[in-house]
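Welcome to this guided tour! Open your viewer, get the selection tool ready, and follow along one stop at a time.

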Amino acid sequence: MMLDRHAAKQLKTLASLFLALGLAACAGPRETYVVLPDAGGQAGTLTVTPKSGKPLQLSGAYANAQGNADNAQAGKLSEQEIKAAFAEAMSARPEAPQRFTLYFLEGRDELTAESKKDMEKVLAEVRRRPAPDVIVVGHTDRVGSLQDNDRLALRRAERLRSDLLKQGLPADSVQAAGRGEREPLVATADEVAEPRNRRVEMLVR
């Protein structure tokens, strides 16, 4: 049984489960496929494509199917039955990542006063996780040349990476990158000073 790439991505995001529940006689292991919601209760769509027969599309939390490599049918498991059957696997799901956006003073790698306070929330989230992993991506507005903004965006990301390393995070657990002015939060004409584009986006996992 094959899963398309979109479904595979969603599976990773939603921590969906693929567990064999038993053995069929000759068509291979019988399996159950379930779409699980994330920590916020959101769930996507999963397409189960057997070797023969029509693909099954599972949409929404706890949608499920059962079958083997040759065939699959929509499942009839209730939410309660799924939680009971997969309780151990569900409890082992990784915690959902948290996103933060912090803003900078114009042309500098210094956070605004408000974002300095928000940085404390980032540090609190990092400290709360047993093995945190952080991605920091810097951006700029469209004032200045592309080259200068590339350097400034990276400097902003590296500045916050350095702050995280000072908190004791291993160097290989914090990645920094700069996008310059290429991915504005707010689209503007060139040379427009837009404060919301002077930022770093942080993903804490």
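Start by selecting helices H4 and H5: H4 passes H5 in a right-handed crossing. A crossing is right-handed if the near helix is turned clockwise from the far one by less than a right angle, and left-handed if anticlockwise. Helices here are DSSP runs of H or I with at least four residues, strands are runs of E with at least two, and both are numbered from the N terminus.

A quick word on what you are looking at. This is a predicted model, in which local features need pLDDT of at least 70 and side-chain atom pairs count only at pLDDT 80 or more, while totals for chains, interfaces and linings use all residues. Residues are numbered from 1 along each chain as its sequence is written, and side-chain values use heavy atoms, with hydrogens and water left out.

**Stop 1: the two helices together**

Keep both helices selected. H4 and H5 pack at an angle of about 50°, with their axes 11 Å apart. The axes are lines fitted to C-alpha atoms, for helices over the stretch in contact, and angles run from 0 to 180 degrees between N-to-C directions. H4 and H5 are therefore oblique to each other; angles under 35 degrees count as roughly parallel, over 145 as roughly antiparallel, 65 to 115 as roughly perpendicular and the rest as oblique.

Now show side chains. Met 119, Leu 123 and Val 126 of H4 meet Leu 160, Asp 163 and Leu 164 of H5. Contact means heavy atoms within 4.5 Å.

**Stop 2: H4 by itself**

Select residues 113-128. At 1.5 Å a residue, the 16 residues of H4 should span 22 Å, and the end C-alpha atoms are 24 Å apart, which agrees. The expected span is 1.5 Å times one less than the number of residues in the helix.

Which residues of H4 are buried? They are Ser 115, Met 119, Val 122, Leu 123, Glu 125 and Val 126. Looking down the axis of H4, you will find its buried residues within an arc of 160°, so they line one face of the helix. That arc is taken from the directions from the helix axis to the C-beta atoms. Buried means under 20% relative accessible area, exposed over 50%, and partly exposed in between (1.4 Å probe, protein chains only).

The face turned away from the buried side carries the exposed residues Ala 113, Glu 114, Lys 117, Lys 121 and Arg 127.

**Stop 3: Arg 155**

Next, select Arg 155 in helix H5. At 42% relative accessibility, Arg 155 counts as partly exposed. Apart from neighbours within four places in sequence, Arg 155 is in contact with Gly 107 and Asp 109.

**Stop 4: the loop between E10 and E11**

Move to Glu 183, in the loop between strand E10 (174-178) and E11. Setting aside neighbours within four places in sequence, Glu 183 is in contact with His 139 and Arg 199. Glu 191 lies in the loop between E10 and E11 too, and has a positive phi of about 70° although it is not a glycine.

**Last stop: zoom out**

Show the whole protein: there are five helices and 11 strands. Of its 205 residues, 36% count as buried.
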